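Biologist: I would like to learn how to read a model of this kind, one feature at a time. Could you take me through the general idea in each case and then turn to the example on the screen?

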Amino acid sequence: MGKQKRIGNRIVRTSFCWLVPHRRRMLSAWLVRRSLPSLKLRQVNFSAGGFTLLEVLLSLFLVALISGILFASFFLPLRAVSAAKLDLVKVEEASVFLTRISEEIAAAYEEISVADTEAASFAGTKDSLSFLSSSGMDLGLEKVGYTVQSGDSAETVTIYRKA
C-alpha cells in the first residue's frame, strides 16, 4: 500500500505521496516528529501574511483615538456658537440699556421754573440718579429715576428704572 522507510532504528510508513507538495512536507515533518522525538525540527518561516496581536491592538487603539478626536471636533463648534450667542445676548441687553439712558439724559432739562423744586433738577447719589426728561412716552416732561443695586457676584449689577 505505501512505502516504508527506515529512520534511525524505527520504520516509518509514508503512504501519502499523492498529496500536494506542501502537504507532503507537513506530513513528512509530522512523521519524523512522531518517529524521532529526540530530533529538533527546523523552524518554519511563516511569512505568508497576517498580523500579530500587538499590531492589531495598536491599530485598534489608533482608530479609537482618531475617532474620539473627530467626534469631539464635530461638537466643539456647536458649543462655541452657543457660548457666543449667550455673550451676544448680554451685550445686546447692555446696548439697549445704554442707548435708552443716553437718549433720556440727552433730552433732560437742567432747570425749569416751577413751584416744585424737587422735580426741577438733577439729583443723584452714589447709587441713584433722577432727572426731568422729555423722552418719555407721553409728550410732556416726566421724572425719570435710575437705581443701582449690587448683585450676587462682583460682576453683576441690577439697574431699576422708575418713571
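Biologist: What percentage of the residues in the protein is buried?

Modeller: Bearing in mind that this is a predicted model, buried residues make up 10% of the 163 residues in the protein. The accessible surface comes to about 14,200 Å², and 63% of that surface belongs to carbon and sulfur atoms.

Biologist: How many helices and strands are there in the protein, and in what order do the elements run?

Modeller: The protein has 2 helices and 7 strands, and from the N terminus on the order is β-β-α-α-β-β-β-β-β. As for how the chain meets itself, among contacts between residues at least 6 apart in sequence, 25% join residues at least 24 apart.

Biologist: Let us turn to charged side chains. How many salt bridges does the count come to?

Modeller: A salt bridge is read here from a distance, with a side-chain nitrogen of Lys or Arg within 4 Å of a carboxyl oxygen of Asp or Glu. By that rule the count comes to 3 salt bridges, and Arg 100, Glu 104, Glu 142 and Arg 161 are linked in a network of them.

Biologist: Which residues does Glu 104 meet in salt bridges?

Modeller: One partner is Arg 100, at 3.1 Å from N to O; both residues lie in helix 2, which covers residues 53–106, and they are 4 residues apart, about one turn of the helix. The other is Arg 161, where the closest N and O atoms are 2.4 Å apart. Because Glu 104 lies in helix 2 and Arg 161 in strand 7 (residues 157–162), this second pair ties together parts that are 57 residues apart in sequence.

Biologist: Is Glu 104 buried or exposed, and how do Arg 100, Arg 161 and Glu 142 count?

Modeller: The cut-off for buried is under 20% relative accessible area, so Glu 104, at 1%, counts as buried, and Glu 142, at 17%, counts as buried too. Arg 100 is partly exposed at 37%, and Arg 161 is partly exposed at 33%.

Biologist: How should I read a pair of aromatic rings?

Modeller: Such a pair is described by the distance of the centres and the angle of the planes. Here the count comes to 2 aromatic pairs. Phe 71 and Phe 75 form an edge-to-face pair, 5.0 Å centre to centre with 65° between the planes, and both lie in helix 2, 4 residues apart. Phe 71 counts as exposed at 54% relative accessibility, whereas Phe 75 is partly exposed at 39%. In the other pair, the rings of Phe 97 and Tyr 146 have their centres 6.1 Å apart and their planes at 80°, so this pair is edge-to-face.

Biologist: Which elements hold Phe 97 and Tyr 146?

Modeller: Phe 97 is in helix 2 and Tyr 146 in strand 6, 49 residues apart, so that the pair links distant parts of the chain. Phe 97 is partly exposed, with a relative accessible area of 28%, while Tyr 146 is buried at 6%.

Key
Residues numbered from 1 in each chain as written. Predicted model: local features only at pLDDT ≥ 70, side-chain atom pairs only at ≥ 80, totals over all residues. Heavy atoms only, no water. Buried < 20%, exposed > 50% of the residue type's maximum accessible area, 1.4 Å probe, protein only. Contact = heavy atoms within 4.5 Å. Areas by Shrake-Rupley, 256 points an atom, 1.4 Å probe, with all protein chains shown as cover. Phe/Tyr/Trp six-rings, centres within 6.5 Å; stacked < 30°, edge-to-face > 60°.
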